[in-house]
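Subject: A structure to look through

Hello,

I am passing on a structure that I would like you to read alongside this note. Please keep it open while you go through what follows.

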Amino acid sequence: MTMQKIRTATFEDLDAIAAVEAACFPAAEAATKEEFAGRLAHYADHFWLLFEDEKLVSFVDGFVTDTPDLTDEMYADASLHDAHGAWQMIFGVNTLPEYRKQGLAGQLLRRAIADAKAQGRRGLVLTCKDKLVHYYAGFGFVSEGVSGSTHGGVVWYQMRLTF
């Protein structure tokens, strides 16, 4: 029987997080190990990790800010995190390819949503590709149209879940 565990991150998770990200996104879109090191230093408690039998197979991460829209600058500058901010940004929703279609990312998104609500946030914001707009709408996110983000040279749609 498979044992699942969800928890927030520690710096010791850095290598596993970077490996999952690299397996999930093209190099132009993936955060680097160095970027994750900065993120973990500033907001490790805003990483939700899902392990199966001690192996990291899925994670969601993002910081908190009072800025209402997700910008490319946020991906690169972890120091912009404001622990008292109104909006929980979601930078990445990652599941190893061989573990997809099992609802793992959904478990983590529901946990991130519940935590943001419990922390008194106004809601959550993420960007996604067109093909995933419908997926995030299933969690209550509403599309606000094409994002100003040019991250990775891709067209992104901003999605917002307001409490």
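Is His-46 buried or exposed? His-46 is buried, because its relative accessible area is 3%, where buried means under 20%, exposed over 50% and partly exposed in between, with a 1.4 Å probe and protein chains only.

Before going further, please note that this is a predicted model, in which local features need pLDDT of at least 70 and side-chain atom pairs count only at pLDDT 80 or more, while totals for chains, interfaces and linings use all residues. Residues are numbered from 1 along each chain as its sequence is written, and side-chain values use heavy atoms, with hydrogens and water left out.

His-46 sits in the loop between helix 2 and strand 2 (47-52); helices (H or I, at least four residues) and strands (E, at least two) are DSSP runs, numbered from the N terminus. Leaving aside residues up to four places away in sequence, His-46 touches Val-60, Asp-61, Gly-62, Val-64, His-81, Gln-88, Gln-119 and Arg-121, contact being heavy atoms within 4.5 Å. Of these, Gln-88 is 42 residues from His-46 in sequence, with 8.6 Å between their C-alpha atoms.

Four strands form an open sheet in the order 1-2-3-6 with antiparallel pairing, where two strands pair if DSSP finds at least two bridges between them. Its edge strands are strand 1 (4-8) and strand 6 (92-95), each of which pairs on one side only. Strand 1 and strand 2 are joined by five bridges, and Ile-6 has Leu-50 in strand 2 as its bridge partner.

A further open sheet has five strands in the order 4-5-7-9-8, with mixed pairing. Strand 4 (64-65) and strand 8 (142-146) each have a single partner strand, so one side of each is left without a neighbour in the sheet. Strand 4 runs antiparallel to strand 5 (residues 87-90), with two bridges between them, and Thr-65 stands opposite Trp-87.

Finally, the helices. The axes of helix 1 (residues 14-24) and helix 2 (residues 33-43) come within 9 Å and cross at roughly 130 degrees; axes are lines fitted to C-alpha atoms, for helices over the stretch in contact, and angles run from 0 to 180 degrees between N-to-C directions. That makes helix 1 oblique to helix 2, since angles under 35 degrees count as roughly parallel, over 145 as roughly antiparallel, 65 to 115 as roughly perpendicular and the rest as oblique.

Best wishes
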